[in-house]
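Please read these notes with the model open beside you. They go point by point.

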Amino acid sequence: MFKKVDTKQSFPQMEEEVLKYWNENKIFEESVDHRKKAKKYVFFDGPPFANGLPHYGHILANVLKDSVTRYWTMKGFYVPRTNGWDCHGLPVEYEIEKELNLSARKDILNYGVENFNSKCRESVFRYTKEWEGTLKRIGRWVDFSDSYATLDNTYMETIWWIFKQIWDKKLVYSGFKSMHICPRCETPLSNFEVSQGYKDVTDLSGTFKFKLRDDALKAIKAEGEDVFVLAWTTTPWTLPGNTALAFGKSVQYVKVRGKDVDGNEQVYILAEALLESVLGKDNYVVLGKIDQKKLVGKHYEPLFDYYLDKNVEGELYSIQLGDFVTTEDGTGVVHIAPMFGEDDYNIGKEKGLGMIQHVKMDGTFTEDVKDFAGKFVKGQDLNVALFLHEKGLLFSKQNFKHSYPHCWRCDTPLLNYSTRSLFIEVTKIKDKMLKNNKKIHWQPEHIQEGRFGKWLEGARDWAISRNRFWGCAIPVLECDFGKQIFL
Ligand SMILES: [Zn+2]
């Protein structure tokens, strides 16, 4: 009547038996072939890197992916699925650099790009057997017999084909734009990569004194006086690249007498709204209001004299107006280093300011910056501040806690840096993407308007150039006059 079930079951053993049955009877293959004439369901699956072992995160994602494809199979769809291996990019290079004990771009160049790339090539299939074993064990149904790899020529040709479609739509341009670079990896990162690595850190911030020159003094009827504009920065290492000061259009500025870090009394210009936070309560005497429009195009003395005799193209050390200047923090005056920051670059281009690049892509000061040449910029903030203190140009300094982006791969603090790259003009097709996003069935639902929707709304042009070695090369040639040819 009733069959007794043995209460002492071994689940792992049951699993093995089921897998064996599936394998021997080719159940997965059957489930796909059987539906060949049915409507196709296409599942886009991001392949894993097999240069490392699978971990819990991979297993979870694979179970979810498998559930989706099985569900559509059970609904009667034809759902072929092929396994693939991701082979290119920074994750692979980073592992090899660690293995070979290389710590910078120049180490790779010394080691030889060809040697380095063959090490990368060897590593990408290192754990495919382990991956296959794990994926099979969790019951992932996918065809391993026909695995593809992103380093296959056929795969790279597909990338080229896709790039060509974008190129033909005139959505590719070569630009010089402010973006985040990782000084260790010596490559720009995409906005998406940057958003992965924000961390709260404490940096040194400082308020510095920019002495007005005669033309500026004359404009505010202060001939013969010593007057300093105060500007605050959280990145003192950018100061040698400063070429302008930006005042807000509708901010009220004042001239005051106040004391600096050493107790010296001097005359300063800053936003009225920030008097107390910068100078301290009852610690200053207001001498009068300043009309910043009169100062536009007038000059100040640079904090550093490195570029005075260098014939830098463009306007140097002038006062400008910027829409982005607020009185939220600082002094209401923004120090502009056009090669370091988006607002800085834009105003630099718009007003024809000098574009000084005083930092190399590996994050060290160039030879021009003779007092700090060769030193890594992050970590020199205090030294820059002390150097300027010696010269009497430091007003005050304090520690400042803020959210700062780091390389998602190697954890190095990123630099906001203007460099050349190919861009895909995402902003041109943003409306279309937002419209299409409304048609997508999101699970969970809030992602649609939330995380993904917000990301799309803020989408910017996509910097696709990577100054690296192991990847799919895009065959774009550029002549000296900036014209590009897609081969
Ligand atoms: Zn990095």
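1. This is a predicted model. The centres of domain 1 and domain 3, taken over C-alpha atoms, are separated by 58 Å.

2. Three domains make up the division of the protein. Domain 1 covers 11–87 + 124–149, and domain 2 covers 172–196 + 411–486. Domain 3 is given as 199–405.

3. Which atoms coordinate the zinc ion? They are the SG atoms of Cys182, Cys185, Cys407 and Cys410, at 2.3 to 2.4 Å. The angles subtended by the 4 donor atoms run from 103 to 121°, and the arrangement is therefore tetrahedral. The cut-off used here asks that all angles of four donors lie between 85 and 135 degrees.

4. The spacing of the zinc donor residues in sequence is C-x2-C-x221-C-x2-C. Cysteine 182 belongs to strand β3 (residues 172–182), while cysteine 410 sits in the loop between β13 (394–405) and β14 (415–424); the pair therefore ties together parts that are 228 residues apart in sequence.

5. Are cysteine 182 and cysteine 410 buried or exposed? Both of these residues are buried; the term stands for under 20% relative accessible area.

6. Tyrosine 56 is placed in helix α3, which spans residues 56–74. Tyrosine 56 counts as exposed because its relative accessibility is 63%, and the cut-off for exposed is over 50%.

Notes:
Residues numbered from 1 in each chain as written. Predicted model: local features only at pLDDT ≥ 70, side-chain atom pairs only at ≥ 80, totals over all residues. Heavy atoms only, no water. Domains from an automatic or database assignment. Helix = DSSP H or I, 4+ residues; strand = E, 2+ residues; numbered from the N terminus. Buried < 20%, exposed > 50% of the residue type's maximum accessible area, 1.4 Å probe, protein only. Donors = N, O, S within 2.8 Å, 3.2 Å for Na, K, Ca; no water. Tetrahedral: all angles 85-135°; square planar, octahedral: opposite > 155°, others 65-115°.
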